[in-house]
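Thank you all for coming. Please take a moment with the sequence and the model before I start talking through them.

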Amino acid sequence: QSETSDKSSAESDSETEVEQVSVYRKLLATLKTSPESESEEEEDESESEEAGESETEMDSEGSQETGEAGGSEEDKNDVLDQEEATDTAEQTLAQEQADGGDTSCDPSHGVIEEFTDVKHESEFSLETNFMEEESGDCNADKRESTSSQAFSEDPFKQHMDKELEEKEVEKMSTLPKTSSQSKWPRLGQLTFSSTLEKRKTLKADKEVDVKQLYLHKPLESTWPKVNKQFMSSANKPSDPSFTPLQRELFCIMNTYRDLFYPERNALTNGEEIRHAYCLHALNHVLKANAQVLSNNAKRRDQKPGTDNDDYRDQGLTRPKVLMIVPFRECALRIVHIFISLLEVNDKRKIDVSNKKRFKGEFGSDPEEKPPNLKRPEDYEAVFAGNIDDHFRIGVAILQKSMRLYAPFYSSDIIIASPLGMRTIIGAEGEKKRDFDFLSSIEILIIDQADIYLMQNWEHVLHLMKHINLLPRDSHGVDFSRVRMLNLNNWSKYYRQTLLFSALQDPQVNSVFNKHCFNYVGQVAVRNVPLSGSISHVVVQLPHVFRRLEAENVTSVIDTRFQFFIDKVLPEYRDAIMSHTLIYVPSYFDYVRLRNYFKKEELNFTHICEYTKKAGVCRARRFFLKGEKQFLLFTERFHFYKRYTIKGIRNLIFYELPTYSHFYSEICNMMKATDNGVDATWTCTVLYSKYDAQKLAAVVGIDRTAQMLQSKKNVHLFVTGEN
């Protein structure tokens, strides 16, 4: 069977040769012309349009970079006070983009001089190395010769070797996706969607035989050992190597479909998920590199003069996997998992270059943590270790050794934070900017996506706009080895995106829906919250939910502001309603309210993520003593600091919290100051139909449906009675 398929592909090759030559010409032309080629200009226009349309709620400014790095808060506030918040959105974005490029040398960002490893270039070069004879990896070749059928069933080969046709690509860019539902034992409700032919819906495997997963050597033997820590004795021995969650996630990953999993929890399943995607990424890289090395050997041994087109086995640039994580600690853990997956046993340690330096720059000093801070468990889990959010590092893997700090064009895997990516991608018109290394990314993993909503979501969008574009330089690639899919500029249709988040959010959903074009299709986990976080409120409290009507998503921001100052604020201006905390998720809304409160000369104080420590102490004291009636309080401040605010008697949620457990957390702060007085506490929440996901996470799915469809636009819940 395999012979005939080879023959037919050879025939089709000769037909397409003419076509291929023109593709080459196009590609070479783009490499020769100046970067201001037409396609780029078009892209800029659409980019600026998109930026205009995208919700001003994107919080591009409230990014943590400046906040945590102690940016000049005073100057910033002055700017903000003079302008209306809406103008500052564009200003600060431009400002940020202007700053963006050079932050790599800015010491406040923690990256002073970027180190790249130059020494080990030749031993990790894919061009000059061959398969090691004694290494087990040769078995792949033997396997291929004995049963090319078995090898062709390898999901990696199936995915990368499929040749899309022009009409299929056209279909994907024009037709809507068709979707189907399925229920899996552990993941729950799944939505499968794709544009090309209706694929048979995946079934969840009850148990997986590691041998049938096509894991590359040595992973088959190392994975069960590395993963042992997550296996409880309760798990039946039928599957000794995967937890039920990992098994279902890996089944999907291994089919090369895109995956969105919005139930990642740093406390419970975060590490087992990290292990599963590391296994998949490493498996992919080992297979891809083994293919290149074995083809190198075949080319070396072939008779001179025989020109062969069978060795198309690589992209236009070498990096194949991009892993986006929020903090250095995450990168440290990933590298440790890679090392332990490559070490067959204690005697055969793999050679890791620059390991000591890596531990110094990505590790943390346990002494540095103040011991007496009592924070919620989930906070401790998210902010463990080194939480610097500006980093990027290249990793090259070759057979039994690993090179950290590899230059990007010699790396297989890049691990970076959104800010680390943003500062190298740069902005339009900057001299020092580079994103060619993103041209042939085959797997993109975005972990802990919810945290980027708290850092700066714009950086994620910026990255998505620059991934899988044709490179502007050739970077010394041997075009006779580049896959046709890359030369055709179709690599985005082959890229697998794995997106993990702790919550469902419209902005995260939109990245998955608008920036993922995988020809195999998408799988999203879509479970609805049955009971909301309001059930965790322990204080006795009436919760009044007030619905505001908005025409569309963009107008909701202004509608909310008007609704608040016309309908809600007047009820609270009375002196009886002192001790009112106003919880504001968006930084722009916060600035707008602060300016309004100043103009109206209301008796208020405010805390946001940029407030200096002394300012925070002052504000908390004034508020507790009742010297200030209102406290404006941003969600980001709560996310990064998690202070208990004492003295709250009245609560206003200007908008529902991004993290649903913040709702009960803030409400429960009221019990922090129970001075025996029979307290009449209140809580008011503003919501619109565009907040459906957030509302469901707070009150549960059934009530949400009623609250959005009901004729009444005020709903009352009472907690803590029983």
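I will go through the sheet, then some backbone details, and then the cores.

This is a predicted model, in which local features need pLDDT of at least 70 and side-chain atom pairs count only at pLDDT 80 or more, while totals for chains, interfaces and linings use all residues. Residues are numbered from 1 along each chain as its sequence is written, and side-chain values use heavy atoms, with hydrogens and water left out.

Let me begin with the sheet, where 11 strands are arranged in the order E1-E2-E11-E3-E10-E9-E4-E8-E6-E7-E5, forming an open sheet with mixed pairing. Helices (H or I, at least four residues) and strands (E, at least two) are DSSP runs numbered from the N terminus, and two strands pair if DSSP finds at least two bridges between them. Strand E1, residues 178–184, and strand E5, residues 351–353, stand at the edges with a single partner strand each, so one side of each has no neighbour in the sheet. On average, neighbouring strands of this sheet are turned by 15 degrees against each other, direction ignored. Axes here are lines fitted to C-alpha atoms, for helices over the stretch in contact, and angles run from 0 to 180 degrees between N-to-C directions.

Helix H11, residues 244–253, lies across E1, E2, E3, E10 and E11, at about 150 degrees to E3, and helix H21, residues 506–514, lies across E3, E10 and E11, at about 170 degrees to E3.

Now the backbone: which residues have a positive phi without being glycine? One is Asn468, at about 60 degrees, in the loop between helices H18 and H19; Asn468 is buried, with a relative accessible area of 4%. Another is Glu601, near 55 degrees, which is exposed at 70% relative accessibility. Buried means under 20% relative accessible area, exposed over 50%, and partly exposed in between, with a 1.4 Å probe and protein chains only.

Finally, the largest nonpolar core has 151 residues, of which Tyr277, Met323, Met402, Met421 and Phe545 touch the most other members. Apart from it lies another core of 29 residues, including Ile557 and Tyr572. A nonpolar core is a set of buried Ala, Val, Leu, Ile, Met, Phe, Trp, Tyr and Cys residues joined through side-chain atoms within 4.5 Å.

How values were computed: Contact = heavy atoms within 4.5 Å.
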